[in-house]
Amino acid sequence: MVQRRESAGTMSPGRQIMSFTRRDALALAAGALAAGSARPAVAGPQGQLTWGVHVSLAPTWFDPAETSGVITPFMLLYALQDALLKPMPGTTVAPSLAESWTASKDQLIYDFVLRKGPTFHNGDPVTAEDVKFSFTRYRGASRDLLASHVESIETPDPQHVRFRLKEPWPDFLTFYGQATGAAWIVPKKYVEKVGSDGYVKAPVGAGPYKFVSFKPGVELVLEAFEGYWRKPPSVKRLVFRVIPDEATRLAALSRGEVDIVYSVRGELAEELRRTKGLALKPVVIPAPFWLSFVDQWDQKSPWHDERVRKAASLAIDRDGINQALTLGFSKITGSLVPASFDMYWQPPAPVHDPAKAKQLLAEAGHRGGFNAGELFCDSSYSNVGEAVLNNLAEVGIRVSLRPIERAAFLKGWADKKYRNVIQGASGAFGNAATRLAAFIVGGGAYVYGSYPDIDALFKEQAAELDGKRRGELLTKIQQLVHERTIVAPIWQLAFLNGVGPRVGESGFGLITDFPYTAPYEDITLKAA
């Protein structure tokens, strides 16, 4: 017997539907209708929408093979690329380039049937060979984990892909279809012709928008791909303009120079909310922020002492930072695992207690505090880092802020180039296991050191097919992370954005837990 997940209308005898919600079923049926129903004649894509983007766009984000354990690249992937399966409105894993998939009863074989008709922007059909090629060239955050579980990939015919696992792995679809870019498909022939370097200069995907031009540090221009299988986009041209300064982004939105802006905080967010014709769009996303004490495994470092790490956590005024920067919309969860994720464990509410922090520092031999070096952070969230730095200074932990542009920051973090303290964050899709794998468990993309008991528990849960027992193991890991203050959580971010008067459907909030505007083919301009 096998389990099957597929679009409406493709059920086969002798197969058993994978369990999913009524909302999932409605979403899949809607997708099938969009893909297969006759459409009335309508005008093609019209007009242009312009974004004011808060970070400098990295060309590696055009290539799914490069996706790190964060959500930022998917801002562009949802436009340029398409995946075998991916999060979509109403469901966390929707059939996309694959119309259906099945899992064997022993969960060692996953078969995918490709949808007939989708092509890449250059006209080449999407085939099983492209799927296999895209998986094997994936080199992102969970590359080693995926490779360690997948024994082989077979392509019996152009519409059929089969993954064979070395052992049952309950998180295969979560890692493959949500938490990584491994399921996003690039054209094998084209990539082999131009090479990886050539590909990011002129990417060809299978998504709703085609690449037109890219000026590093300035803007990315995309144009509607009317042959997109799900439905033709409504807007003809998308322009993503890099505007790192928040005040400048808001000014551009107010003047009508851009239509949508990402990340406007504090007093500027209040101003946006008060401005006639503009709309504040807060989206609470699965993006906890935390302090990562990357020197805690060095016995000579102050951070090796658990009391020092606890003192740093007690020093952080999370509620004050939330009110000042995100108008109180962010969530204080006390974990680096988002509260919306499966198998999340709710720790005790974080406490702000500077007096207790000073006491712990004194007990650890740091009466009066100590110099803690640098605090590395993504420059687009340097204001969070500044607030945390001030909190730490109030109890005697003296650090200097080192903001770094996002793409370079993530690379340096993954390459283990930073010391002392890192302000970490991730908004990637997934569950408790995917988040722990990337940031806590030994071998993770952003893990500087780990604890043997946690690593052993994680290995055990990865092979556990009983859902209840697996949840207990992941809960135990999260409890140990909390008890040892391996990290000091700050908040789960509310991403505050702005929309101008020309926008019909902005796309904010259509995909659960996604911070940006998507699906792009659903975004509209208001009727004139």
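# Close-up views of the predicted model

**View 1. The contact of α9 with α11.** In α9, the residues R307, V308, K310, A311, L314 and A315 meet P354, K356, A357, L360, L361 and E363 of α11, where contact means heavy atoms within 4.5 Å. By class, this contact of α9 with α11 has 8 nonpolar, no polar and 4 charged residues; here Ala, Val, Leu, Ile, Met, Phe, Trp, Tyr, Cys and Pro count as nonpolar, Asp, Glu, Lys and Arg as charged, and the others, Gly among them, as polar. The structure is a predicted model, in which local features need pLDDT of at least 70 and side-chain atom pairs count only at pLDDT 80 or more, whereas totals for chains, interfaces and linings use all residues. Residues are numbered from 1 along each chain as its sequence is written, and side-chain values use heavy atoms, with hydrogens and water left out.

**View 2. The axes of α9 and α11.** Helix α9 (residues 306–315) and helix α11 (residues 354–363) pack at an angle of about 165 degrees, and their axes are 8 Å apart. α9 is therefore roughly antiparallel to α11, a term for angles over 145 degrees, on a scale that runs from 0 to 180 degrees between N-to-C directions, with axes fitted to C-alpha atoms over the stretch in contact. The crossing of α9 and α11 is left-handed, that is, the near helix is turned anticlockwise from the far one by less than a right angle. Helices (H or I, at least four residues) and strands (E, at least two) are DSSP runs, numbered from the N terminus.

**View 3. The pair α15 and α16.** Helix α15 (residues 452–462) and helix α16 (residues 467–483) have axes that come within 9 Å and cross at roughly 160 degrees. These two helices, α15 and α16, are therefore roughly antiparallel to each other, and their crossing is left-handed. From α15, the residues D453, I454, L457, F458, E460 and Q461 meet a set in α16 that consists of R469, R470, L473, L474, K476, I477, L480 and V481. The residues of this contact of α15 with α16 divide into 8 nonpolar, 1 polar and 5 charged.

**View 4. The largest cavity.** The count comes to 3 cavities of 30 Å³ or more, a cavity being a set of points on a 1 Å grid over the protein atoms alone where a 1.4 Å probe fits but cannot get out. About 250 Å³ of space lies in the largest cavity, and of the 21 residues that line it, T72, D378, Y381, R406 and A425 are the closest to its centre. Lining residues have an atom within 4 Å of a point. At least two residues of the lining of the largest cavity come from each of β14 (279–293), α13 (406–414), β17 (421–425) and β18 (487–499).

**View 5. The second largest pocket.** The second largest pocket has a volume of about 750 Å³, where a pocket is an open set with protein on both sides within 12 Å along at least five of seven lines, and a volume is the space filled by probe spheres set on grid points joined across faces, edges and corners. Its lining holds 30 residues, of which G140, A141, A414, A445 and Y446 lie nearest the centre. α13 gives the most to the lining of the second largest pocket, with 5 residues.

**View 6. A cis peptide bond.** A cis peptide bond, with omega about -5 degrees, joins A518 and P519, and P519 is placed in the segment after β18.

Technical notes: Parallel < 35°, antiparallel > 145°, perpendicular 65-115°, else oblique.
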